[in-house]
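Here is a report on the fold, the helix packing and a few selected residues. Have the model open while reading.

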Amino acid sequence: QNHDSFGNNPSASIMATFRVDCCGVHITHRTSNIIRWTAACLFAILTVCLLFFQRYLGTICSVLFIYFVLSFALRAHADPFPLPVRIGGALVIFLATVFITSLPWVIYGGKEACKASRGTYKTPWNQGFEDHWLDLSFRLVFIWFLAIHAIYITLGDHPPSAHVRQETRCVVFVWFGKLIQIVTVVVDSCQIPKYNDDGRKTLDSATAYLTVFGNSTHYVADVWFLQLVVE
């Protein structure tokens, strides 16, 4: 049922519930919301447990949890947030990007200090300081393009549309994953990275899990983008 079937009776419209036909079973809109958020809570508990007992899987699960909430639990959200909330969100995106961009200078003292700290060490793939610094520079340029786009769509007003809200959340999700991944590149540029005998990074530091988080975000975002295209 939709609200128009209640005529001009405001109280009836307020009390109305939508019904979703799922395999012949009618589920009210309110019940559907309860199911989604209950599933999100259970997912959150699983994620926290994994972060304590199996950090690698927990990191991947944390990305899936964020995706689950933004894509599934908030699926019915169609209205843009009030302007003060949108401005606050845009400010958070801007300040977070500024903070990550400034890490090499704030923590390590800039390019020359990073070069001195890194020395002549090269990775198993023959990557030296200049290679990592170039990688960092490209990533910083890219993250600012993403940040500007995320700020623009976060501030934007639009008619009620669940699809537009999904698109906005997806772009912010991608921005956040790429932002987190830059931390690892900063550390690799300004410190000697650690590798095991197989030429892989060790999982004994927080930055390794930041890389896992960033890569997982990338793959999940690909799936989300395809979902948005199909819808």
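Contact here means heavy atoms within 4.5 Å. The model is predicted, so local features need pLDDT of at least 70, side-chain atom pairs count only at pLDDT 80 or more, and totals for chains, interfaces and linings use all residues. Residues are numbered from 1 along each chain as its sequence is written, and side-chain values use heavy atoms, with hydrogens and water left out.

## Overall fold

The protein has eight helices and two strands. These are DSSP runs, numbered from the N terminus: helices are H or I with at least four residues, strands are E with at least two. The order along the sequence is α-β-β-α-α-α-α-α-α-α. Among contacts between residues at least 6 apart in sequence, 71% join residues at least 24 apart. Of the 231 residues, 35% count as buried. Buried means under 20% relative accessible area, exposed over 50%, and partly exposed in between (1.4 Å probe, protein chains only).

## Helix α6 and its partners

Helix α6 covers residues 129-155, 27 residues in total. Its first and last C-alpha atoms are 38 Å apart, close to the 39 Å expected at 1.5 Å a residue. The expected span is 1.5 Å times one less than the number of residues. Buried positions in α6 include F129, W133, L136, L140 and I143. The buried residues of α6 pack against α4 (83-106), α5 (111-118) and α7 (162-190).

How do the axes of α4 and α6 cross, and how close do they come? They come within 9 Å and cross at roughly 170°. That makes α4 roughly antiparallel to α6. Axes are lines fitted to C-alpha atoms, for helices over the stretch in contact, and angles run from 0 to 180 degrees between N-to-C directions. Angles under 35 degrees count as roughly parallel, over 145 as roughly antiparallel, 65 to 115 as roughly perpendicular and the rest as oblique.

On the α4 side, the contact includes R86, I93, F94, T97 and W105. On the α6 side, W133, L136, W144 and L155 are among the residues involved. By class, this contact has 16 nonpolar, four polar and one charged residues. Ala, Val, Leu, Ile, Met, Phe, Trp, Tyr, Cys and Pro count as nonpolar; Asp, Glu, Lys and Arg count as charged; the others, Gly among them, count as polar.

## Nonpolar cores

A nonpolar core is a set of buried Ala, Val, Leu, Ile, Met, Phe, Trp, Tyr and Cys residues joined through side-chain atoms within 4.5 Å. The largest one has 34 residues. L136, I143, F173, W175 and I182 have the most contacts inside it. The elements giving two or more residues to this core are α3 (55-73), α4, α6, α7 and α8 (206-230). Helix α7 gives the most, with twelve residues. Leaving aside neighbours within four places in sequence, W175 is in contact with I93, A96, T97, I143, L146 and A147.

## Helix α8

The 25 residues of α8 should span 36 Å at 1.5 Å a residue, and its end C-alpha atoms are 36 Å apart, which agrees. Among its buried residues are Y209, V212, F213 and W224. The buried residues of α8 pack against α3 and α7.

## Selected residues

| Residue | State | Relative accessible area |
|---|---|---|
| T168 | buried | 7% |
| T59 | buried | 7% |
| R36 | buried | 8% |
| F81 | partly exposed | 40% |

The contacts below leave out neighbours up to four places away in sequence. T168 sits in helix α7 and touches I153 and T154. T59 belongs to helix α3; its contacts are L51, Y209, V212 and F213.

R36 is found in helix α2 (residues 29-53). It is in contact with F68, F72, A73 and A76. The C-alpha atoms of R36 and A73 are separated by 5.1 Å, although the two are 37 residues apart along the chain.

F81 lies in the loop between α3 and α4. It touches R86 and R165. F81 and L155 are 74 residues apart in sequence and 9.1 Å apart in space, C-alpha to C-alpha.
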